[in-house]
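Work through the exercises below with the sequence and the coordinates at hand. Each task is followed by a solution in steps.

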Amino acid sequence: MKAMAAVSASFLAVSVVWAQSRSSSKPLVAAAPGYDPAIYAELQKAPAKARNRRNPFENDPHAVAAGAILFEQHCAECHGKSAEGSPKAPSLVVREVQSATPGTLFWLLTNGVVRKKMPVWSKLPEPQRWQLVRYIKSLGGPALRVESPAAQP
Ligand code: HEC
């Protein structure tokens, strides 16, 4: 019982720090993988020119695997091993991210959301950023088909 209280207390502490780091004016939100569409508002800010850029790796059969390795190295510690989200960062397997254009995601990676603790990734070479975009996009699909494996024979 004591152990459980300790665990939930530390969990609460993490949630509080997380919520405060996000925005002090917002009410506390549940920790990961809490879903809050407002988190993804930044994606709407991509300028049209950035949004419409094509992914030069769109047809590269190796890009998803390369992106997966990069994700593991740079992103998983916050977003979770399969981008499912963690107390540190939101899930990327949500409609807001999956329906964003490749150019939008590239722009987001390039600029980060520094005030909300999403780092800038401009230090990664452009090809690596595009490979990451391919990987992220491979996780969802148009209708966010997270349950579709059953549909595939
Ligand atoms: C230090 C923790 C951290 C790391 C590492 C990190 N992120 Fe994030 N990321 C965040 C946080 C926090 C947010 C939420 C930002 C917000 O509220 O807009 C976020 C948001 C995002 C979003 C959604 C955009 C949005 O509007 O919030 C994408 C896409 C994303 N990250 C991709 C990545 C990728 C790809 C990597 C690895 C190259 C990465 N992140 C590494 C913390 C991190």
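The exercises that follow concern a predicted model.

**Exercise 1.** Determine how many helices and strands the protein has, and what share of its residues is buried.

Solution. Start with the secondary structure: there are seven helices and zero strands. In sequence order this gives the pattern α-α-α-α-α-α-α. Next take burial: 27% of the 153 residues count as buried. Finally, consider the contacts with a separation of 6 or more: 66% of them join residues 24 or more positions apart.

**Exercise 2.** Describe how helix α6 is covered, and by what.

Solution. Helix α6 spans residues 102–111, and eight of its 10 residues are buried. The buried ones are P102, G103, T104, L105, F106, W107, L108 and L109. Their cover includes α2 (48–51) and α7 (126–138). Just after the helix comes G112, with a positive phi of about 65°.

**Exercise 3.** Find which residues touch the most other members of the largest nonpolar core.

Solution. The core has 24 residues, and the two that touch the most other members are L105 and I136. Elements giving two or more residues to this core are α3 (63–74), α6 and α7. In soluble globular proteins, nonpolar side chains tend to be buried together. Now follow I136 beyond its neighbours within four places in sequence: its contacts are A83, L92, V97 and L105. L105, one of these contacts, is also one of the buried residues of α6.

**Exercise 4.** Characterise the shell around the ligand: which residues are the closest, and how many fall in each class?

Solution. The shell consists of 25 residues, of which E42, C75, C78, A89 and M118 are the closest. Two or more residues come from each of α4 (76–79) and α6. Sorted by class, the shell holds 17 nonpolar, two polar and six charged residues.

**Exercise 5.** A83 and K117 each have a positive phi without being glycine. Decide for each whether the residue is buried, exposed or partly exposed.

Solution. Take A83, where phi is near 65°. A83 sits in the loop between α4 and α5 (95–98). The cut-off for a buried residue is 20 or more other C-beta atoms within 10 Å; A83 has 23, so A83 is buried. For K117, phi is near 75°, and the residue belongs to the loop between α6 and α7. K117 has 13 C-beta neighbours inside 10 Å and therefore counts as partly exposed, since the exposed class ends at 12 or fewer.

Key
Residues numbered from 1 in each chain as written. Predicted model: local features only at pLDDT ≥ 70, side-chain atom pairs only at ≥ 80, totals over all residues. Helix = DSSP H or I, 4+ residues; strand = E, 2+ residues; numbered from the N terminus. Contact = placed C-beta atoms within 7 Å. Near = placed C-beta within 6 Å. Nonpolar A, V, L, I, M, F, W, Y, C, P; charged D, E, K, R; others polar. Core = buried A, V, L, I, M, F, W, Y, C linked by C-beta atoms within 7 Å.
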